[in-house]
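Please open the model in the viewer and keep the selection panel at hand.

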Amino acid sequence: MLFSRRMDDLAPYLFAEMERKIAEKRQSGVDVISLGIGDPDLPTPPYIVEEMQRQVADPSNHRYPSNWGLAEYGEAAAGFYERRFGVDIDPQKEFFPLLGAKEGLAHACWAILDPGDLALVPDPGYPVYSGGSLIVGAEVRYLRLRPEKGFLADLDEVSPEEAERAKVLFIGYPNNPTAAIIEDDFFERVVAFAKKYDVAVIHDNAYSELTYDGYVAPSFLAAPGAKDVGVEFFSFSKPFNMTGWRLGFAVGNRDILAQLWRLKTNLDSGVFDALQRTGAFILNGPWDSVTEMCDIYRRRRDLLADALTSVGVQVPRPRGTIYMWIPVPAGYTSASFSEHVLEQAGVVVTPGSGYGPAGEGFIRLSLTTPDERIAEAVDRIEHSLRL
Ligand SMILES: Cc1ncc(COP(=O)(O)O)c(C=O)c1O
């Protein structure tokens, strides 16, 4: 059987491969602790499950949804953006519902890029930015995120020729995988760059609500002029433990969203109305459960940082996301260290190299594991290094 040439260059998705390895280990009887995938271990809060149960039972939600979504979902998103970020969103033209941020990011590539176009992609970065660009035949120009620059993309590294060719720039803060946050005028500089070179900006806002120690993450769209150049993707997955539900939305530039709508009317039939109504219900608050999740992740972060310190690994305590991004011990690559801890300690960590070439030399640890398992994982890793 012959398949599309497009598939030849497409590597299996990082976590699909990891899931396979974990299943294999568990099947052979190993008690695997996963600090790998950022998939919350705790359940969706009951008040959300109960609302969804009510909505699923309502026959008016059972028919095909519209791709543009329900007015009440858009209005709730606009209300949330106004209250939380001080950003004004027109719910009819500047809002678009998504089956999770991941599909939105990948499909935005189809809507914006042609074969041979250039996409500016952070390195390391969430794999869908490069994967989505490569699937459509675009070329990827990695922007190296350097620890000494706070893991902010350095736009000065892009030559004027590359900037002229670039059609899209992906960014995302609080950042996966580096856990970096924005504390300066980075978003303003991105807007200036995008305007100068006519580049569409996609800001991935999957982690804005998971922050610690008093840090409050801004929206890219709060930067003056941002809506002229870009869109932002919001996801319910991480703040509400809803990864399996597949719910998100995009807000911002109406032209980009209109193209996304046009594309997606040909691909899917929108988001289940019951889920959109539940999304509206969540956005309208209260958000005590998010505060509780932040407390849990902060506690786990401290536990992990303390355990690592006690075995001689000093790591900064991230103020956003659910990850820690740490250098591998001398003598290992990202992959060989990940392999070592899986084989010798039964602990899954994500090799940094899976997020792009600059992720080499790092691993990402996810805080989506119960406290006692985090401490045990560090113990096991330490023991395996002494073997
Ligand atoms: C940076 C980033 N963007 C998007 C997503 C995907 O979000 P969703 O579950 O809404 O598709 C993730 C999930 O890990 C992520 O880390």
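Among contacts in the protein chain between residues at least 6 apart in sequence, what percentage join residues at least 24 apart? The figure is 76%, for contacts (heavy atoms within 4.5 Å) between residues at least 6 apart. This is a predicted model, in which local features need pLDDT of at least 70 and side-chain atom pairs count only at pLDDT 80 or more, while totals for chains, interfaces and linings use all residues. Residues are numbered from 1 along each chain as its sequence is written, and side-chain values use heavy atoms, with hydrogens and water left out.

**Select the whole chain.** In cartoon view, the protein chain shows 13 helices and twelve strands (DSSP runs, numbered from the N terminus: helices are H or I with at least four residues, strands are E with at least two). The C-alpha atoms fill a box of roughly 60 × 55 × 55 Å along the principal axes. Buried residues (under 20% relative accessible area, 1.4 Å probe, protein chains only) account for 56% of the 387 residues.

**Select residues 323–327, 350–351 and 362–366.** The three strands form an open, antiparallel sheet in the order β9-β12-β11; two strands pair if DSSP finds at least two bridges between them.

**Select Pro351 and Ile363.** The bridge partner of Pro351 is Ile363 in β12.

Notes: Buried < 20%, exposed > 50% of the residue type's maximum accessible area, 1.4 Å probe, protein only.
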